Amino acid sequence: MSTKASGKSKKKQPLENLRNQLLKLEPAGPNGFEGLVATALSDLTGLTFRLAKSGSQFGRDASTPRSRFAIAMEAKRYTESLRLEDVAGKIWLASNELASDVDLWVLCATSEMGDGVLQKLEEMLEEKGITLLMLDWTEAPLPRLAVLLAATRSTVIQWFINHTSKEIAETIDAELNTLQADNNFIPACDQLIRDTSASYCGLAALRKINQDWSNRVFSNRINSRTAFGQYLTVLDDQNRAITRPQLNAALTEAINESSCVAIIGPEGAGKSWLVANWWAACDDKPILVMGGAWMADRIDSRDPSLTLARLLAAQSEDGIIDSIDRWLRRLKRWREQGPVSNAEQLRFLVVLDGLNERSGMSWANTIFLLKAEVEKLGGCLVTTCREGFWDREIAPRLTGGTVKIVRVDGYTLDELSDLLKQRGIAIETIPGQVRDFILNPRICSIAIDFLENLSLQVDALTVERLLLEYWRRRLEERGDLTGHSIPDFEKLLRSHAKCFREAPGVQFDRDDWREHSGAAKRADGRSVENDLTDIEEGAFLRIAPDRDGFYEFKPDTVPFALGLLIVQELQDELRKPNQEPRELIDRIVDEIRGFDLVGEAIRAAAGIGCFKENYPAWGRAALISAWLELQNIDDSAYDALVAYVSACPEAVLDTVEIQFDERSYGSRRDWLVAALLQKRSQQNIQSAISARINRWLGRWSRVPQIWGARDEQTQSQLSEKAKPILDKLEKLTQIENDFLTKVCNEVDSPEAAQLDSVAAKLMAGISQAGYAEGVLAWAFTWAITGGYRYGEADLCWSVRLNTTDFEAFELTLRQAIDRLLTKSHSDVSKKGVAIVLRLIGTVNGTLEAEQLNPREYRKGWRARAVENYCATDPYDPDSDRPENLENAINLAKTLNPEILWTQFSVSQENHELELITPALVRFQPDLIVHIVREVCKTIETRSELPLRQLSWNLPRFSPFLTKIRLNPL
């Protein structure tokens, strides 16, 4: 036999002998196994154990008297492994009959207890607040019952002398001596002493209960909201919070230095998240006890022990009175015994969260008394509070108390970038104004929820959208803890905004806040006083830094508040009959027109109108239109317009119509079209656009086009030009009139019919079969009105470059043509059909168009001038080289590159170059390329207007430029 095997055998032999001697004892009574175990436990704990009388023992063979720390014991001699049914009855009796009298229930057995059985027993007892200590014969690495006997060796030997024989006592002594010599004995003995100590007993069980509770409330939004009145899901793997190492380090340092820490900072900065994250990151987690405004009824400012007992009972899902009594007894024991010696671990982390949310509480006194109580328990008290409330209401009342302060602020740009990157969002894609706004962690969480759970695109975020959602989320999280409903809070903000409109920069007296609150005036039984902190120190307003007792708007929320006011006042006026939205807006905005932020306020109003459900449609469009017509709107405002397209495409489409109906011009029209094109791929937006395209293509006006300003002189021109239009309308057949009424859309002015260009751009690159009848309507009305159609070129290329469904489009178009031409028709139909057949660009279509309405070709002066340099058609690929090409070549050689493209007007040299360009491009391309390159070389010597004019033309010439030519540029 090997030395190792021999040593193992020697260790096992005395354990078997010891067990056999125990099995020979009587099972009960002071002279039996029960008496031996009671004697050993008494020696180990210093407590007196009394054996229970025979009969109903209520789940124990022996117990200590009821006191601050009580133990019950059950001793069983078994030769086989313990089964659940062997002890389940005893456990049930103990848990129900002894719950208020016992802290520790010790089960001693001479056989092994399986892990599954042990877990069941622990659950049965812990449900009633009793800790199980198992002393069985499992070698791990020494049987714990054997360790108990060896730890109390002298007392045990004396018991054997008194109740058995001297020989047996000597045998037991020798075997226990061998056991004490085992290397595993000392750590096993220390653990046993710890498990039976008053200062430790129950902490392990509480730690497990606490861990289960923490996992439940920190990983699920509903549980978190129920427990804390907010979403503290720091253990949610799907939505991990960003780690803020500097703040975690600051909190660690503060906890190490003081038994009371205050985490203070602005609204939504992540104060609660900091402490929860810090606890979650601990390797050896302290027992976490959390209370705050949502548990104000459980916090007793004069009795810290009762406060802790109530909070522990709530976290153990057992708030009944006897449970609180058990926690009081345990807390008293842990407090009086103090932490286990040499224990550096923080045993408790007690958190009072959101002090500012209950302004009427005696927080200073609560902190002062609770700090001392928690310190005796070997823990630390941490509070969270908004900075202004802390400085005004709590700090001055804590004189003499040492509180370590940790300040929390919003995210840095690097932190925000990391957080967004975790979710696959590049910070660069966030609009600048929104990016700065979501540095606040609470606002940021709303933005992320929009993007992840509501599938919003990044460009759909705006400040007003986030602020509109903010109070809804506060209500969702805090429930009835918040007194003001969404309408109440918006009304409160509008009241403040009205004061600001009358006196920009006004500060509000906190004693008068109820004057702005309809909820406070109603006094309907709901407590609104605790909302004051969200009013004066929340997301919208702040405590005035230079004036005690006053608060003011945050600079970045003033436009939102004014926007709320504008939106409501406009809606109120629109309820009256015969109101024109644009005129109303002008009157409402007049009061802030001198403000620097008038553009921001109207933009916010436009956004609020788009984001609010059931807001009047024409009110939305009028707000957007009024905003876009303001001067000095920054180009970054385009980002907001894109967001409005996402939220309410109908409003933006209505705005497009307003812009054309009112004959407004400028780049803001292009913004509208660009924003619609940018978001066109979204199904809801595409659907809204599709409903407008045919209507816009069919727009027409019987009012003739007149260039320039309208005056009395042009009135006669209008009448003269209107006659042909009216004559054509009179000659329309019934089917043509039906088509005009059904498919076409008459408007008051020819300018309002210019939406054909917008429609052409919006239908480009997508399926167009559904727009075929609209395109025919466009051609039909053009045949009536004549004149110029702005969308002709755009519509031509949109249709001709249709690679999606050109065949289906042409088929649908021809079906519409057949319906129009089948029966009797006027020349309008022929001309209109010819226009649309030429538009589609097919050979057959062009030939058919010539049959229906032949074109009259009139050679203009320019064509005649070009023929002086190219007698053949330079655009015809079959043309031969003209005999007079030398005229173009000779003229080209005389051109001076220094004076080409030097003026706003067309010079003689530029005119001559334009005349010879078609011939040279077609038959002598090297020469025209040489001329262009020579002109570009002159950029090195140009300045002012000549430089500007050449630079303006450079994009046209870029295909002719080599790398050598580009270097000087």
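The model is predicted. The protein chain has 969 residues, and 52% of them are buried. Its secondary structure comes to 45 helices and 15 strands.

**Whole chain**

- Take the contacts in the protein chain with a separation of 6 or more: 72% of them join residues 24 or more positions apart.
- The accessible surface of the protein chain is about 45500 Å². Carbon and sulfur atoms account for 48% of that surface.

- Strand β4 covers residues 104-109, and six of its six residues are buried. The strand is therefore largely enclosed by the rest of the structure.
- Strand β3 (residues 71-76) runs parallel to β4, and six bridges join the two. In this pairing, K76 stands opposite A109 of β4.
- Strand β5 (residues 131-135) also pairs with β4. The two strands run parallel and are joined by five bridges. Here V106 stands opposite L133 in β5.

**The β11-β13-β12 sheet**

- Three strands make an open sheet, in the order β11-β13-β12, with antiparallel pairing.
- The edges are β11 (508-509) and β12 (541-543), each of which pairs on one side only.
- Strand β13 (residues 550-553) pairs with β12 over three bridges, in the antiparallel sense.
- Across that pairing, R542 stands opposite E552 in β13.

**R501: buried or exposed?**

- R501 is buried, because its relative accessible area is 10% and the cut-off for buried is under 20%.
- R501 sits in helix α21, which spans residues 486-502.
- Beyond its neighbours within four places in sequence, R501 is in contact with L562, L565, E569, I588, E591, I592 and F595.
- Among these partners are two glutamates, E569 and E591.
- E569 also belongs to the α24 side of the α24-α25 contact, and I588 to the α25 side.

**Helices α24 and α25**

- Helix α24 (residues 558-574) packs against helix α25 (residues 581-589) at an angle of about 135 degrees. Their axes are 10 Å apart.
- That angle makes α24 oblique to α25.
- The crossing of α24 past α25 is right-handed.
- On the α24 side, the contact is formed by I566, E569, L570, E573 and L574. They meet P581, L584, I585, R587 and I588 in α25.

**Helices α2 and α5**

- Helix α2 (residues 33-45) and helix α5 (residues 144-151) cross at roughly 65 degrees. Their axes come within 9 Å.
- The crossing of α2 and α5 is left-handed.
- From α2, the residues in contact are F33, L36, A40, L41 and L44. From α5, they are L145, L148, L149 and A151.

Note on methods:
Residues numbered from 1 in each chain as written. Predicted model: local features only at pLDDT ≥ 70, side-chain atom pairs only at ≥ 80, totals over all residues. Heavy atoms only, no water. Buried < 20%, exposed > 50% of the residue type's maximum accessible area, 1.4 Å probe, protein only. Helix = DSSP H or I, 4+ residues; strand = E, 2+ residues; numbered from the N terminus. Pairing = 2+ DSSP bridges. Contact = heavy atoms within 4.5 Å. Areas by Shrake-Rupley, 256 points an atom, 1.4 Å probe, with all protein chains shown as cover. Axes fitted to C-alpha atoms, helices over the stretch in contact; angles between N-to-C directions. Parallel < 35°, antiparallel > 145°, perpendicular 65-115°, else oblique. Left-handed = near helix turned anticlockwise from the far one by under 90°.
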